Amino acid sequence: MELSAFEILGPIMVGPSSSHTAGACRIAKVAKSIAKENFTRVEFQLHGSFAYTYKGHGTDRALLGGILGFATDDSRIQDAFKLADEDGLHYEFTKIDLGDKFHPNTVKIIFYYGDGSKEYVIGSSIGGGTMVIVNINGMDVRFRGIHPTLLLQYQEQKGVVAYVAGILSGNGYNIESINTVKDPLSDIVTLTIEVGNSISDYVKGAIMGAQMFVTAKYVEI
């Protein structure tokens with residue numbers, strides 16, 4: 001069955017809600033922007049209702065479309081399987097139980113690389129086409145992908161949040177949200193900051209180039 005973008009997003013939808021399509025597409029597109037480039041294979045581990053309804057509701061097609069970089073209203077989503085095959089992208093869909101802490105519409109997207117390494121992003125589709133990224137490589141996070149976002153990791157130390165916030169506010173950026181999560185075993189802190197508009201290369205360099213960060217990513221969809 002072929003699907004139009006209107007069927008994915010409009011009153012006539014693939015499933016009972018846009019959570020199964022638009023939200024899934026956004027999760028995958030954000031996950032791709034977080035992962036390193038040049039991955040050779042993608043595994044979609046589907047949790048909860050995603051695991052039971054993904055074929056009938058077009059979740060698989062939407063997830064694959066997001067990995068291909070398509071927006072939620074891109075008509076190419078209907079051809080996502082064919083386009084992925086043409087690009088030589090290897091993919092698979094499996095079922096998993098991630099536990100009760102995760103929303104029923106959740107997917108763990110694992111990216112595999114030619115050198116044998118892998119990384120993953122977990123996201124949940126929470127209704128109305130919106131989503132939230134909740135875990136990156138084992139570190140709990142929470143951001144929605146609505147605003148440009150800085151993802152920063154550092155060994156726990158004082159003054160890091162103030163340092164980043166000071167650069168942003170000093171250059172006229174409005175901070176929409178700040179969230180920190182510390183891994184109790186490694187003392188690595190994951191800091192996510194959403195801002196109101198795109199960050200300039202100069203400001204990104206001033207923040208992400210700081211030696212205190214062991215990981216620094218900028219996500220803008």
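Predicted model: local features only at pLDDT ≥ 70, side-chain atom pairs only at ≥ 80, totals over all residues.
Seven aromatic pairs were found in a search of the whole structure. In one of these, the ring centres of Phe-39 and Phe-111 lie 5.0 Å apart with the planes at 65 degrees, so the pair is edge-to-face. Phe-39 belongs to strand E1 (residues 39-47) and Phe-111 to strand E3 (residues 106-113), and the two are 72 residues apart. Both Phe-39 and Phe-111 are buried. Ring pairs also join Phe-44, Tyr-54, Phe-81, Tyr-91 and Phe-93 into a cluster.

Lysines were found over two tyrosine rings. The charged end of Lys-108 is placed over the ring of Tyr-120, 4.2 Å from its centre, and Lys-36 lies over the face of Tyr-113, at 4.3 Å from the ring centre. Lys-36 also forms a salt bridge with Glu-119, with 3.5 Å between the closest N and O atoms. Glu-119 is in strand E4 (residues 118-127) and Lys-36 in the loop between helix H2 (22-34) and E1, so the bridge ties together parts 83 residues apart in sequence. Glu-119 is buried, at 9% relative accessibility, whereas Lys-36 is partly exposed, at 40%.

The count of salt bridges is eight. Among them, Arg-41 and Glu-92 have their closest N and O atoms 2.6 Å apart; this pair links strand E1 to strand E2 (residues 90-95). Arg-41 is partly exposed, at 28% relative accessibility, and Glu-92 is partly exposed at 31%. Glu-194 and Arg-144 meet in a salt bridge at 3.2 Å, N to O. Glu-194 is buried, with a relative accessible area of 2%, while Arg-144 is partly exposed, at 35%. Glu-156, Lys-182 and Asp-187 are linked in a salt-bridge network.

Methods:
Residues numbered from 1 in each chain as written. Heavy atoms only, no water. Phe/Tyr/Trp six-rings, centres within 6.5 Å; stacked < 30°, edge-to-face > 60°. Helix = DSSP H or I, 4+ residues; strand = E, 2+ residues; numbered from the N terminus. Buried < 20%, exposed > 50% of the residue type's maximum accessible area, 1.4 Å probe, protein only. Lys NZ or Arg CZ within 6 Å of the ring centre and 35° of its normal. Salt bridge = Lys/Arg side-chain N within 4 Å of Asp/Glu carboxyl O.
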